[in-house]
There are 2 protein chains.
Amino acid sequence: MNVTGHTRRPASIRDVATAAGVSYQTVSRVINGHPSVKHTTRERVLAAIDELGFRRNATALALASGRSRAVTVLTANTTHYGYASILQGVEEAARAASYAVGIGVLESADEAAVAAEVQRAADAGGGLIVIAYDPAGVGALAAVPAELPVVGVVETPASPPGDDRPWVWTDDREAAYEVTRHLLSLGHETVHYVAIPSSTRRTSARTTGWRQALKEAGAPEPRPVQGSWGPAGGHAVGVGLAADPSVTAILCGNDDLALGVLRALHEAGRSVPGEVSVAGFDDAPHSAYLTPALTTVRLDFTGLGRSAFALLHGVLEESAQIAPHPVSVPELVVRESSGPPPGHD
Amino acid sequence: MNVTGHTRRPASIRDVATAAGVSYQTVSRVINGHPSVKHTTRERVLAAIDELGFRRNATALALASGRSRAVTVLTANTTHYGYASILQGVEEAARAASYAVGIGVLESADEAAVAAEVQRAADAGGGLIVIAYDPAGVGALAAVPAELPVVGVVETPASPPGDDRPWVWTDDREAAYEVTRHLLSLGHETVHYVAIPSSTRRTSARTTGWRQALKEAGAPEPRPVQGSWGPAGGHAVGVGLAADPSVTAILCGNDDLALGVLRALHEAGRSVPGEVSVAGFDDAPHSAYLTPALTTVRLDFTGLGRSAFALLHGVLEESAQIAPHPVSVPELVVRESSGPPPGHD
DNA sequence: CTGAAAGCGCTTACAG
DNA sequence: CTGAAAGCGCTTACAG
């Protein structure tokens, strides 16, 4: 881009001003789109900007103006599919709005460690987006000082929060309700549930949706089994489920958990979906290629990330319009891992 | 932290100076660990800092000093396991060094789009780490202006680069060599290879390692099959491989590809490892739980990210010692998907 | 050992 | 429509 190529120090607005024969305040007006600049002057400044390859120094802008066109995402993990997709969505929207995006990982849920991470994120300037699907994230969201602009990506709240709570979420209750109904409609007497860890002490929306479908169908309500996040956790609890001959349908809190359950079932010699049906949550990229291919419900995490940014953007700049929380609708994806129970006609 | 809790504007060094009864330059000396400060003065300043909850403004620091304790990671994707793990490793090391980490996604390999992303990353200040495993990343690495501190996370280079090239990589050649030898040792006549897209026009290190093992064993050398990154790509080429009865062993460029191949084999009714052996690359979290569990080679992506940061850190601060490129050794993980060919004794 | 001055590259009132 | 001044919160020489 820089034709001369031998510039050491990048051009400043003063350099541009000199080249255009104006004061640097006028250059400032031009790059800020201020209307009161004579047309010919503007042209001259623009030409100088182009010639010198000028780019406005973001650090100086932030210091002088007090706002920084930046957002940092606080998350407990960057490798889980859902988390990574949210991050990708945030970045996508931020890029479109010319915002920088930073990232901070909450390695521990320890209060002091979380507080330190929030501080670090605050030091970066700009707004915060915290993924609050787990205790570390929930702690971080709570630890954000009131004066800092923040939006939380949260589990479905029990009751719709006021407009003052800048939160986004997917409709997990509805999603769980749908998959459970799908399983019941196949003829299963009931559906067992392997839960992901809840971020709070309250009953999660997924659990609520599952329970509601069971209630409506008059099906017995087994105790939810507590799983963890990954396939190892699914496998661990799957072993117990596989040993229980009365279990014919299992809903898992996410696809990774389902993978572990599938494996445990296989090891126990129970066929899927012949003897047991399994369904997951998320529609991770590999789920369609498993054998059997996993029935699951697709959640739009990328869209969720975009929404989170839009909301934050609205808070940060009054000019930007505040998008309503667009709750994306979950989509049931029926594949091979679900079918009628044994002996069903 | 802030006991009073009603501070609007955060405390500045001037506020601290006033509270401690010194000039703000002295405060600056204290927070920078400058030795020439009287012990009692230092104590007083430290007390004031604590009381006011002072945190040094990173933006002002960056503007005044010219360096910014920040690094931004440029990557084509945030959801692939390897990429996400590298990011996690960078963040881990950056956090330990009190650096901020930014992220920029290269959504397209288009030259103008890549250049724009590099600019955006450069605007953020600080150093750059670019993941150059694909054309977009390779393009970005090439587009970084010479004056910008950058380290590339690259495929194994054909020849060791000079010390002036701040690159890190894993030993893919060795890794491919090992898995291929494992497969051959099982009795397979040869091993087919499904390649991930190469980031450059040159033959990739994985291909080279595979080929070397074949040569040493005097095995016939099938043409590598070109795959893509995900399971869909693996499935597409897997269909062809499954239809060829002479194929008894398949090495895949990554675990996702292997998943797709496994699925294609299953659909064609060819058992694994009974009729065909399959191996992958990366040891993604789900690979151990597939049925059959996937034989693969574990690569330390998180460590790679940490190394990348260490290298950049060394470039950014002369004080920080430049770590030697620590090439992590890949580890062969034999699971269920590999076994002797049919009819082998 | 410590203070007063200048400056990093911008923006924001204030004049004209 | 455009310029001169002050300031954002720090650091970096320069004095003493």
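Student: Where does Arg14(B) lie relative to Tyr24(B)?
Tutor: In this predicted model, Arg14(B) lies over the face of the Tyr24(B) ring, at 4.4 Å from the ring centre.

Student: And what about Arg14(A) in the other chain, what does that lie over?
Tutor: Arg14(A) lies over the face of Tyr24(A), and its distance from the ring centre is 4.4 Å.

Student: Ok, rings pairing with rings now. How many aromatic pairs are there over all chains?
Tutor: The count comes to 8 aromatic pairs over all chains, and one of them is formed by Tyr81(A) and Phe301(A).

Student: Why is the pair of Tyr81(A) and Phe301(A) called edge-to-face?
Tutor: A pair of aromatic rings is described by the distance of the centres and the angle of the planes. For Tyr81(A) and Phe301(A) the centres are 6.5 Å apart and the planes stand at 85°, so the pair is edge-to-face, given that planes over 60 degrees apart are counted that way.

Student: What do Tyr81(B) and Phe301(B) look like as a pair?
Tutor: The ring centres of Tyr81(B) and Phe301(B) are 6.5 Å apart and the planes are at 85°, so this pair is edge-to-face. Tyr81(B) lies in helix 5 (residues 81–96) of chain B and Phe301(B) in helix 12 (residues 301–316) of chain B, which are distant parts of the chain, 220 residues apart. Tyr81(B) counts as partly exposed at 29% relative accessibility, while Phe301(B) counts as buried at 5%.

Student: Switching to strands, what is the strand order in the open sheet of chain B?
Tutor: The open sheet has 4 strands in the order 7-6-8-9 (chain B), with parallel pairing. Strand 7 (225–226) and strand 9 of chain B stand at the edges with a single partner strand each, so one side of each has no neighbour in the sheet.

Student: How many bridges join strand 8 of chain B to strand 6, and to strand 9?
Tutor: Strand 6 (residues 192–195) of chain B is joined to strand 8 of chain B by 3 bridges, and the two run parallel. Strand 8 of chain B also pairs with strand 9 (residues 277–279) of chain B over 3 bridges, in the parallel sense.

Student: Which residues are bridge partners of Leu251(B)?
Tutor: Leu251(B), in strand 8 of chain B, is the bridge partner of Tyr193(B), and the bridge partner of Leu251(B) in strand 9 of chain B is Ala279(B).

Student: Which way do the residues of strand 8 in chain B point?
Tutor: In a regular strand the side chains alternate between the two faces of the sheet. In strand 8 (residues 249–252) of chain B, Ala249(B) and Leu251(B) point one way and Ile250(B) and Cys252(B) the other way, and all are buried.

Student: Last topic, how does the radius of gyration of chain A sit against a compact globule?
Tutor: Chain A has 26 Å, whereas a compact globule of 345 residues would have a radius of gyration near 20 Å. Along the principal axes, the C-alpha atoms of chain A fill a box of roughly 90 × 40 × 30 Å.

Note on methods. Residues are numbered from 1 along each chain as its sequence is written. Chains are lettered from A and ligands numbered from 1 in the order in which they are written. This is a predicted model: local features need pLDDT of at least 70, side-chain atom pairs count only at pLDDT 80 or more; totals for chains, interfaces and linings use all residues. Side-chain values use heavy atoms; hydrogens and water are left out. Rings of Phe, Tyr and Trp (its six-membered ring) pair if their centres lie within 6.5 Å; planes under 30 degrees apart count as stacked, over 60 as edge-to-face and the rest as tilted. Buried means under 20% relative accessible area, exposed over 50%, partly exposed in between (1.4 Å probe, protein chains only). A charge sits over a ring if NZ of Lys or CZ of Arg is within 6 Å of the ring centre and within 35 degrees of the ring normal. The radius of gyration is taken over C-alpha atoms; the globule rule is 2.2 Å times the number of residues to the power 0.38. Two strands pair if DSSP finds at least two bridges between them.
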